[in-house]
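Let's take a walk through a protein model, one piece at a time. Have the sequence and the 3D view open as you read.

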Amino acid sequence: MTHYLDHAATTPVHPLVAEAMVAELARVGNPSSVHAPGRAARRAVEESRERLAATLGARPSEVVWTSGGTEADNLAVKGLWWARHGADPRRIRVLVSAVEHHAVLDPARWLATQGADVVELPVHPDGALDLDALAAELSEHGDRVALVSVMWANNEIGTVQPLAEVVELAHAHGVPVHTDAVQAFGHLPVDLRAIAVDAVTISAHKLGGPVGVGALVARRGLELVPVLHGGGQERSVRSGTLDAVGSVGMALAAELAVADLPSEAVRLAALRDALVDGARRLVPDAVLRGPEPSTGRRLPHSAHLTFPGCEGDSLLYLMDSRGVACSTGSACAAGVPQPSHVLLACGVDEADARGALRFSLGRTSTAQDVEAVLAALPEVVARAKAAGLASAPARRVG
Amino acid sequence: MRVLAALSGGVDSAVAAARAVDAGHDVVGVHMALSRSRAEHRTGSRGCCTIEDASDARRSADVLGIGYYVWDLSERFEETVVADFLSEYAAGRTPNPCVRCNEHIKFSALLDKATALGFDAVCTGHYARVELPEDGRRSLHRARDAAKDQSYVLAVMGPERLARAMFPLGTVATKDDVRAEAAARGLPVSAKPDSYDLCFVADGDTQGFLRERLGSTPGDVVDADGAVVGRHDGAWAFTVGQRKGLGLGRPAADGRPRYVLDVRPATNSVVVGAAELLSVTGLRGADVVWFDPPSAGWTAGEVQLRAHGTPVPARWRAADGGLEVRLDRPVRGLAAGQSAVGYLGDRVAVQATIDEVERR
């Protein structure tokens, strides 16, 4: 039996979502066609747009459907840069936190090859943005900043960012703020009536919807230059045939997740606390990364731990072979786990950063899943430590 | 048994893993990332270092229905195999990095990590046989396919580690059979070309790699009497027995071809001369790996002196902590740094790294 603790990578499609998508899949019609089948498909897309917007406290016209979180992040970062820099060539600076997902970080670094000055803002050891650094950057170069992008909550270590403060600082200098809320939406209240952020990225498959659908929720009046040009759908901001099936799935998944959020956040946080407490008891040198759960400044459904002397690939294999599916939490290059840029930005040294595991919970998680992790953990860590010694490079002296 | 199948991304290791699965073992595939510059996407097979190789290995594991992991051993590889490669060339010797990789990586770092993680054996696509005779001492033998035999590069692993090694391809008749088997199993690598180049030299340009890492150090090319006959850009660029690329402007006085006789890092000079001066009748080996108990008495057998080289009738014995070898007939162009492997029939009896050669 497999215990699935990688819900932050992707979480099972909700059965009601699958049912609604299958029903929609049985119909024909391009939402841009004017005939009756086209109108029916258009109605499905627009109703989904309204329902999704309602879950976020946004207006339907603010929802731009995309193929997922990565595309929405690219549209926000590149689209805002092109629009803002195009309107005012002095605005060449792009400010992002150093712990952004690669879907934000890499577009920003690419913009650096196109003339942008990209600043990767430092974070505190718990992963929270250094607001003083942002304030200093804005007061020194505020009229030269094109955009700020700071995630709602970190996908690896779960840190919730001080987004309201970020928005306040940026808006004081007339700078728009984008946030990647892919991990936060469905696990934390994301209410755009309560925070004046300008653009928000969300993704369906982290909430019980399908892979391949997401949205950028962009405030009315926010100018975005498109990444995809073509048929002019989505107010010409994002061309491509509208996905009736995907939008139906995403809207329902979001409604279900938001409706269940108050009870699920409490239930999952309790499971997460049991996991963290157990891991610390069984492996005393394990280190929880990100803020302590008691601070309330972390996602309720994930725990990220580093195990000194262990390699992430060993930990992952040993957990997998004992029926526990989890993650090292960081990106791979050609399948090779790399020390996480998030941990390095938090000041963790490279050796410790290599021995990381992320456990993330979701709708189908149970106490048995946590028990399975804790049952396996002591032997897994002991073996991974022995393997780390066996394969460690001989350190040169002097 | 719990078996770790090393998957290079080539056809041999994929079929070896498939055979381990067939034998009923609990198999997990591991691809070793060895190169620092693995971000490059090179085409053609080099069997370990490209993204293409890693994805071929993953695809093979998927077809076999086994787990797949990538282990990053690039730091260890750099500190052992690549460092040895460079220091040996810098010392005027001719290293065999495949031997060093088997010694330090495949049957050391990989095998030890696998053992620590609970695996009983490491399975590779090498062509060699392991036998367990009556006396319980495992022995290493040439592969059935003599043309593909790799016992020469494996001998360095020694007898103890054989108990944790598995070479399912040692008994196949020919490489073509392996390709046919791969195709029949639906493995997508069945037609992938064999690898020949050094996996860590990105574009196959070994001279360029050495120049970049060791730097240019111009010096003299001299004849056996010490007379300067030319200039070179770095003594490391030459290998004993080499004939081409000496860059000598004028032919020798006797008009006969000249070969590299010696590389002398101390004076940064390269010695050239006639072919017969290359003849070697004996050698001394260091870092000896004994499969049979060491003996001060002579043992008569055959010695192989390079990968896929023809074995030479010879005698050997233990002497002063090393290995003394007398060749029954002279061999040309033997370089220090290469591996010497003594065989009794098809069985490996001893292995050593050539330290000194004896010319008549």
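## A sheet in chain B

Before we look at a sheet, here is the rule we need: two strands count as paired if DSSP finds at least two bridges between them. Keep in mind, too, that this is a predicted model.

With that in hand, turn to chain B, where five strands line up as β3-β2-β1-β4-β7 in an open sheet with parallel pairing.

Now zoom in on one pair. Strand β1 (residues 2–6) of chain B runs parallel to strand β4 (residues 121–123) of chain B, and three bridges link the two. Here you'll find Ala5(B) standing opposite Cys123(B) in β4(B).

Which residues does Ala5(B) contact, leaving aside neighbours within four places in sequence? They are Ser13(B), Ala16(B), Ala17(B), Ala20(B), Val27(B), Gly29(B) and Cys123(B).

Ala5(B) also turns up in the largest nonpolar core, which has 221 residues. The members that touch the most other members are Val166(A), Val217(A), Leu4(B), Ala5(B), Ala17(B), Val122(B) and Cys123(B). The largest share of this core, 13 residues, is supplied by α7(A). As a general point, nonpolar side chains tend to be buried together in soluble globular proteins.

## Chain A as a whole

Over to chain A, with its eleven helices and 14 strands. Its radius of gyration is 22 Å, close to the 21 Å that the globule rule gives for 398 residues, so chain A is as compact as a globular protein of that length. Its C-alpha trace spans about 65 × 55 × 35 Å along the principal axes.

Of the 398 residues in chain A, 51% are buried. If you take the chain A contacts between residues at least 6 apart in sequence, 73% of them join residues at least 24 apart.

## Two domains in chain A

Chain A splits into domain 1 (3–9 + 261–389) and domain 2 (15–255). The C-alpha centres of these two domains of chain A are 28 Å apart.

How many residues of domain 1 of chain A are in contact with domain 2 of chain A? The count is 23, and they meet 23 residues of domain 2. On the domain 1 side, the elements giving two or more residues are α7 (244–282), β10 (302–306) and α9 (341–345) of chain A. That side is made up of ten nonpolar, eight polar and five charged residues.

Note on methods:
Residues numbered from 1 in each chain as written. Chains lettered and ligands numbered in written order. Predicted model: local features only at pLDDT ≥ 70, side-chain atom pairs only at ≥ 80, totals over all residues. Helix = DSSP H or I, 4+ residues; strand = E, 2+ residues; numbered from the N terminus. Rg over C-alpha atoms; globule rule 2.2 N^0.38 Å. Buried ≥ 20, exposed ≤ 12 C-beta atoms within 10 Å, placed from the backbone. Contact = placed C-beta atoms within 7 Å. Domains from an automatic or database assignment. Nonpolar A, V, L, I, M, F, W, Y, C, P; charged D, E, K, R; others polar. Core = buried A, V, L, I, M, F, W, Y, C linked by C-beta atoms within 7 Å.
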